[in-house]
Amino acid sequence: MDLSVRLDGLLLKNPIMVSAGPWARDARSIQRCIDAGASAVTTETITLEANPNISPRMYVYGEQTLNTKMFSDLHLEQWEDELERLHKGDCKLICSIWGNSASEIAYLAAKVVHMGADAIEVSMSSPIRNRAFSMEPASVKELLEAAVRASAGVPVIAKLSYEACNSVEFTQKVYEAGVHVVTAIDGLKGLAGVDIEKQQTLMPTYGGYNGSSIHPLSLATTATLKQFTPFSICSCGGTLRFENVLEFLMLGASCVALASIIQVNGYDAIRQILQQCTDWLESHGYRSVSEIQGIALPTLNLFENISPQPLCASIVGGCADTACRTCYRGCIYDAVIVEEGRTPRIDTAHCSGCGHCAVRCPEKRIQMNWKSSAAVQ
């Protein structure tokens with residue numbers, strides 16, 4: 001099985017990378033990612049100064065995580081010592097950097113190249129901090145050009161927010177700056193909630209929101225970037241199981257970066273997901289990752305190009321649970337008929353074919369079929 005992929009100029013041994021975050025905060029944690037089989041590890045974001053931690057800073061609710069840790073708490077000089085201790089082997093080291101000006105970005109880029117970075121990721125957004133300058137497209141181009149000039153030929157990657165990825169002007173300026181690879185998407189700005197009895201927020205400040213809920217946004221972003229831009233894409237956001245990795249690859253991603261799943265399940269999650277992806281590819285007769293990259297994109301159409309189909313819900317084999325009524329309560333078209341002691345029926349004259357009942361049926365007894373002329377099923 002050939003698991004190798006290309007991320008523009010970088011040849012990676014497999015499509016599983018590690019995203020910037022506290023799971024790659026120093027030599028020991030980065031080495032654990034390397035030893036678990038990651039093809040590339042992105043360091044926690046490096047800045048000119050160390051950034052103090054606040055406690056607590058992690059908030060976990062099932063498959064959703066929020067954190068208030070933005071950047072590394074190590075000084076730049078400490079990072080040089082940490083990276084010297086690594087045994088990279090065939091894993092690529094990507095240094096994530098953040099600067100508030102083009103000169104800061106250039107200085108950091110040159111420093112991490114000297115430290116042995118195989119690529120530089122410039123963080124263009126932070127869910128919980130505003131830049132000290134305007135993030136207009138012209139400013140973005142200036143920042144990234146500074147990184148490209150200082151990188152001495154080492155590939156530069158732009159890590160973009162969901163909003164930036166969906167701005168044509170923004171992505172054009174990124175490409176004009178000489179950056180041909182993007183990581184998408186960064187976490188979203190979120191809050192855990194409010195204690196209504198104490199009338200106070202559950203977090204002292206905003207946090208970076210990640211988890212399964214942002215996965216659909218990440219998928220849409222990957223597909224959009226692949227369809228309408230020339231970038232190579234490293235996808236991230238809500239990747240909690242191996243199927244999520246395959247989804248990104250089938251939408252055209254070059255590779256996929258793991259993040260909060262490492263925080264939740266530990267470093268062995270890297271090895272497990274890689275093995276599960278390999279097993280799936282082999283069981284489906286594929287010989288390389290490249291065979292599935294972008295394979296699902298032809299099935300994704302613009303909304304305007306979709307021809308409406310006259311579908312209607314139907315209950316297959318009847319429903320034995322007369323007390324459930326999930327389909328009945330959720331039908332805003334009054335197409336589900338429920339009579340006391342009897343199984344639900346579908347009024348095809350009222351059914352609009354929305355599919356809501358089919359996806360919510362706990363027994364999966366409702367299917368969408370071509371609409372018949374019968375008024376009531």
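Reader: Which residue in β16 does serine 235 stand opposite?
Author: Serine 235 faces valine 256 there. Keep in mind that this is a predicted model.

Reader: OK, and how do β15 and β16 pair, parallel or antiparallel?
Author: They are parallel, with two bridges between β15 (residues 232–235) and β16 (residues 255–258).

Reader: Switching topic. Which strands make up the open sheet?
Author: Four of them, in the order β5-β6-β14-β11, and here the pairing is antiparallel.

Reader: Which strands stand at the edges, and why is one side of each left without a neighbour?
Author: β5 (58–61) and β11 (188–190). Each has a single partner strand, so one side of each has no neighbour in the sheet.

Reader: And what's the twist like there?
Author: It averages 35° from one strand to the next.

Reader: Can we zoom in on β6 and β14? How many bridges do they pair over?
Author: Four, in the antiparallel sense, between residues 64–67 of β6 and residues 207–211 of β14. One example is leucine 66, whose bridge partner in β14 is tyrosine 209.

Reader: Now helices. Which residues are buried in α6?
Author: Phe170, Thr171 and Val174 are buried in that helix, which covers residues 168–176.

Reader: Why do they end up on the same side of α6?
Author: Because the arc they cover around the axis is only 90°.

Reader: What follows α6?
Author: Glycine 178, which has a positive phi, near 95°.

Reader: Next up, rings. How many aromatic pairs are there?
Author: The count comes to three. In one of them, phenylalanine 71 and tryptophan 98 have ring centres 4.9 Å apart and planes at 35°, so that pair is tilted.

Reader: Where in the chain do those two sit?
Author: Phenylalanine 71 is in the loop between β6 and α2 (76–84), while tryptophan 98 is in the loop between β7 (92–97) and α3 (102–114). They are 27 residues apart, and the pair links distant parts of the chain.

Reader: Is phenylalanine 71 buried or exposed? What about tryptophan 98?
Author: Phenylalanine 71 counts as buried, at 3% relative accessibility. Tryptophan 98 also counts as buried, with a value of 3%.

Reader: And how are tryptophan 280 and tyrosine 286 arranged?
Author: They're stacked, 6.0 Å centre to centre with 15° between the planes. Tyrosine 286 counts as partly exposed, at 22% relative accessibility.

Reader: Last bit, the whole protein. How many helices and strands does it have?
Author: Twelve helices and 20 strands. The C-alpha trace spans about 75 × 55 × 40 Å along its principal axes.

Reader: What share of the residues count as buried?
Author: 50% of the 377 residues. The protein exposes about 18,100 Å², and carbon and sulfur atoms supply 50% of that area.

Reader: And what share of the contacts join residues at least 24 apart?
Author: Taking contacts between residues at least 6 apart in sequence, 69% do.

Conventions:
Residues are numbered from 1 along each chain as its sequence is written. This is a predicted model: local features need pLDDT of at least 70, side-chain atom pairs count only at pLDDT 80 or more; totals for chains, interfaces and linings use all residues. Side-chain values use heavy atoms; hydrogens and water are left out. Two strands pair if DSSP finds at least two bridges between them. Axes are lines fitted to C-alpha atoms, for helices over the stretch in contact, and angles run from 0 to 180 degrees between N-to-C directions. Buried means under 20% relative accessible area, exposed over 50%, partly exposed in between (1.4 Å probe, protein chains only). The arc is that of the directions from the helix axis to the C-beta atoms. Contact means heavy atoms within 4.5 Å. Accessible areas come from the Shrake-Rupley method with a 1.4 Å probe; for residues, only the protein chains shown count as cover. Rings of Phe, Tyr and Trp (its six-membered ring) pair if their centres lie within 6.5 Å; planes under 30 degrees apart count as stacked, over 60 as edge-to-face and the rest as tilted.
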